[in-house]
Amino acid sequence: MESSSLSQARPQQLGGVRGVFQRLSDLPAGAEVAIWIFLLLAAVGIRLWLIHLLPIGLWSKDAGSYAYSAFRWIHTGVWETDPRRGPVYSMLIAFCGKVWGNITSIMLLQHAMGVVAILLSILTMRLMHGRRALVPLALCGYAYTVYGLPLYLEHLVRNETLLFFCGSVSLVTWFAAIKYRKLHWLWITGISAAILTATKNVWFPFPVLFVVATLWYFRKEMRSAVAQVLIFVIAFGVPYTGFKVFKHRTLGVDRSDEPQEGVLLYGRTAQYTDLDGGIEPEIKAQIRSQVEDYQHEVFRTKPPKLNNNEILKKTVVPTLTSLLRKQGKNGEDLNRLCRSLAIEAIKTHPLQYSLQVWRDIVRMNVSSGQRYTAPDNKEPASQKNLLLGLDKPDPLIRVEESVAKLDKIVKKTGEDPNATGSDEEESGPEKQPRRRDTHGPFTVYQDVEMSAWMFDFAPVLLTSLLLPVMFFLSPAPMRAWWLGAAGLWYFTIVLLSTIGRPLDRYLIPALPVMFFTLTTALILGWNALAGNARCEPRS
């Protein structure tokens, strides 16, 4: 029985603000069931709502490079891998196209993948912090389920949702392996990381981070550490090697594998090309006018406004590609040349490049990752005109059927049916969908997106600042997991500020790290207010 002293102490313990937090930290089991039902309904419901508003998969300007390998295989039985995109996401499109016969099926599958990834991430936080954290977990979980960035990308024919799903599964299963000492989870960790890396090589530090963190934090249990590393290396290495071999063997006769990092880096540094000296003077003479025109465009505003795609897709890089092909050279030579030109540009303009990187880091931390209200009223008309502009579209795209659906939606929006909308590929990092429409079918949907409160104020900056705190406050074995998460996060920030572009959608592989960090910080603050900071999580 309970002692009288404890009975007398309890009313005082539960009084005041701390008492409220303590009572909310001790909810009955039925409350947890209700919270999980609510989160499931929120995650599924808003996606069904979006599908109702826009019942087609959105074709993007890059979709063709992903889809045409799949379309060719479906119609001819011959697979030819796109050298830039690789085979992984194209295989997913091929599966959906073969089974269901349209691209809308890939959109539906991606929404299902998004729901699974989000709920698994919320479950991970529940397992990490226990039932005392149900209230803050419900608040953060709701914000994650209605966050517009993954929602919108799930509707597009692009590979970001696959990256988001594999990144979430990798981190969730690694957490499960550490917490429950069940090494079989690491098979899924390795396979998911391999699929992500083969799709887009934005997680290539992850194997190194995993090995180093595991060997260090489990050094007192070396047999277990070695077993973890071996499982992960096999689970990662076998599918990753398989994808690379498949890609190499299925490239077209006149196509070569094109590594991208040198080309992409030159896209960020072409404005600093040393045209009056240095390496490759004959090649520079061929691209001088294009570079000078680009320099005039970039430096006419302060700060300079880059347009990577002009260099990569319209002017300098296509010219270099043509010159090298006439010399019998391939994509590797193009990448090597662009890397050399980029490095020379950085060496000759170190201060300007450093300021550019700093501006992008600031932009990433201050304005990226915030609440995202897309699609908007302009999307249907923009999508319609994009589809009508396709050259010989594949029957699987079902252009006529999609345009008929879009026409009905355009009439409801009241927008110009010939509008092309804002073009993210052209407007660059400044395009940040934040504001809601004041009329039309998407208004209430956007209101719900705007309730993703956790992403309201500088979530990237908060994650960057809080990650070291989460690392040091976690117990020793779990520090391995936080070290891997932190390594991936900071690598992503640096990558998007140097080689890549500071666009929201490129954050998507690291989005689970943002959610884990911000949620854990809120829960630790909650526990401190409730006086539970030192308590073991209740299961």
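Q: Are α9 and α10 roughly parallel or roughly antiparallel to each other?
A: Happy to start there: this is a predicted model, in which local features need pLDDT of at least 70, side-chain atom pairs count only at pLDDT 80 or more, and totals for chains, interfaces and linings use all residues. Residues are numbered from 1 along each chain as its sequence is written, and side-chain values use heavy atoms, with hydrogens and water left out. The helices α9 and α10 (residues 185-199) pack at about 155 degrees, their axes 8 Å apart, where axes are lines fitted to C-alpha atoms over the stretch in contact and angles between N-to-C directions run from 0 to 180 degrees. Angles under 35 degrees count as roughly parallel, over 145 as roughly antiparallel, 65 to 115 as roughly perpendicular and the rest as oblique, so α9 and α10 are roughly antiparallel.

Q: How many nonpolar residues does the contact of α9 with α10 have?
A: The crossing of α9 and α10 is left-handed, meaning the near helix is turned anticlockwise from the far one by less than a right angle (clockwise would be right-handed). Residues in the contact (heavy atoms within 4.5 Å) include L162, C166, W174 and A177 of α9 and W185, I188, I195 and L196 of α10. Ala, Val, Leu, Ile, Met, Phe, Trp, Tyr, Cys and Pro count as nonpolar, Asp, Glu, Lys and Arg as charged, and the others, Gly among them, as polar. The contact of α9 with α10 has 6 polar residues, no charged ones, and a nonpolar count of 13.

Q: What is the angle at which helix α6 and helix α9 pack?
A: Helix α6 spans residues 104-129 and helix α9 residues 160-180. The two are roughly parallel to each other, and α6 passes α9 in a left-handed crossing. Their axes lie 9 Å apart, at an angle of about 25 degrees.

Q: How many charged residues are there in the contact of α6 with α9?
A: Among the residues that meet are M113, I118 and L127 in α6, and F164, F165 and K179 in α9. By class, the contact of α6 with α9 divides into 14 nonpolar and 6 polar residues, and the charged count is 1.

Q: How many helices does the chain have?
A: Helices (H or I, at least four residues) and strands (E, at least two) are DSSP runs numbered from the N terminus. The chain has 0 strands, and its number of helices is 25.

Q: How many of the residues of helix α13 are buried?
A: Buried means under 20% relative accessible area, exposed over 50%, and partly exposed in between (1.4 Å probe, protein chains only). The buried residues of α13, among them Y266 and R268, pack against α14, α15, α16, α17, α18 and α24. Helix α13 (residues 261-269) is largely enclosed by the rest of the structure, because its buried residues number 7 of the 9.

Q: Is A458 buried or exposed?
A: A458 has a positive phi of about 40 degrees although it is not a glycine. Its place is the loop between α22 (443-450) and α23 (459-473). With a relative accessible area of 5%, A458 is buried.
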